[in-house]
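Thanks for coming. I will take this one structure piece by piece, starting with the strands.

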Amino acid sequence: IADVQAILTTDTPPPALMVPKVKSPDEVILLDNLLTERGHETRLHIIIETNQGLESAFEIAHSSSRIDSMLFGGIDMAAELRCDLAWESLLYARSRCVHAAASAGIDVIDVPYLDLEDPEGMQIAAEQAKSIGFSGKGSIHPKQIHQLNKIFTPSEEEIAYANKVIKAFNDASDGLVVVDGKLIEKPVLRTALKTIANSK
């Protein structure tokens, strides 16, 4: 509460806030209302790291237009779930966050990889997160950033294919789109547009 009061008092608010342990949409709505009344344009990044927050993740993701991302707090979540801090153990919780964020059209960021001396392990963890829909992974040290950016930034091949799909849809006259011999439908176009957006 003291932190929020300090932000409401200042004439130079931070561009964004990372809000930990969010458990309900009401918390986000209250903060949004306070910022709006004060005239601050501060954006929000919401961390889901409790059982209650996980249960309400869908509603939380839709609770404010200020939210730019939802972050998965895996360490606290593992403690809450009484499970190992392992990919398999937290897959359900991660998937709930991906589902909630995707439904609201916001980014979803995976928990940082804590072992700074294990870049191979971090790469595997980041690729696993990307494969189920995460748009990024947190980092706890600057030396992790380059590797994570490389993993989550589309490759030249992915960008070229996305441009080919977009062009095919733009050129299509009858709604039937074929790229490289494969029938392409609208969901593939959405993925292609996201690929191009993520490449910038």
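Strand 2 and strand 3, which covers residues 67-72, pair in the parallel sense over five bridges. Two strands count as paired here if DSSP finds at least two bridges between them. Helices (H or I, at least four residues) and strands (E, at least two) are DSSP runs, numbered from the N terminus. In this pairing I46 stands opposite M70 of strand 3.

Before I go on, this is a predicted model: local features need pLDDT of at least 70, side-chain atom pairs count only at pLDDT 80 or more, and totals for chains, interfaces and linings use all residues. Residues are numbered from 1 along each chain as its sequence is written, and side-chain values use heavy atoms, with hydrogens and water left out.

On to strand 1, residues 16-19. Four bridges join strand 1 to strand 2, residues 43-48, and the two run parallel. A16 stands opposite R43 in strand 2. Between these strands the chain passes through helix 2, residues 25-38, and the β-α-β crossover is right-handed. Right-handed means that, with the strands pointing away from the viewer, the path from the first strand over the helix to the second runs clockwise.

Now the whole chain. Its secondary structure comes to ten helices and seven strands, and the C-alpha trace spans about 60 × 40 × 30 Å along its principal axes. Of the 200 residues, 39% count as buried. Buried means under 20% relative accessible area, exposed means over 50%, and partly exposed is in between (1.4 Å probe, protein chains only).

Next, the salt bridges. How many does a search of the whole structure find? Nine, a salt bridge being a side-chain nitrogen of Lys or Arg within 4 Å of a carboxyl oxygen of Asp or Glu. One of them joins the side chains of D11 and R38, at 2.6 Å from N to O. This pair links distant parts of the chain, with D11 in the loop between helix 1 (2-9) and strand 1 and R38 in helix 2, 27 residues apart. D11 is exposed, with a relative accessible area of 66%, while R38 counts as partly exposed at 31%.

A second one joins D76 and K21, at 2.7 Å from N to O. Here D76 lies in helix 5 and K21 in the loop between strand 1 and helix 2, 55 residues apart. Both are partly exposed: D76 at 31% relative accessibility, K21 at 39%.

Then there is D180, which forms a salt bridge with K164, the closest N and O atoms being 3.1 Å apart. D180 lies in the loop between strand 6 and strand 7 and K164 in helix 9 (residues 156-171), so the pair ties together parts 16 residues apart in sequence. K164 counts as partly exposed at 40% relative accessibility, and D180 as exposed at 55%. Separately, R94, D110 and K137 are linked in a network of salt bridges.

A word on backbone angles. Most residues other than glycine have a negative phi. D180 has a positive phi, near 55°. R82 also has a positive phi, near 60°; R82 sits in the loop between helix 5 and helix 6 (87-104) and is exposed, with a relative accessible area of 79%.

Last, helix 5 again. I75 is found in helix 5, residues 74-81, and is partly exposed at 39% relative accessible area.
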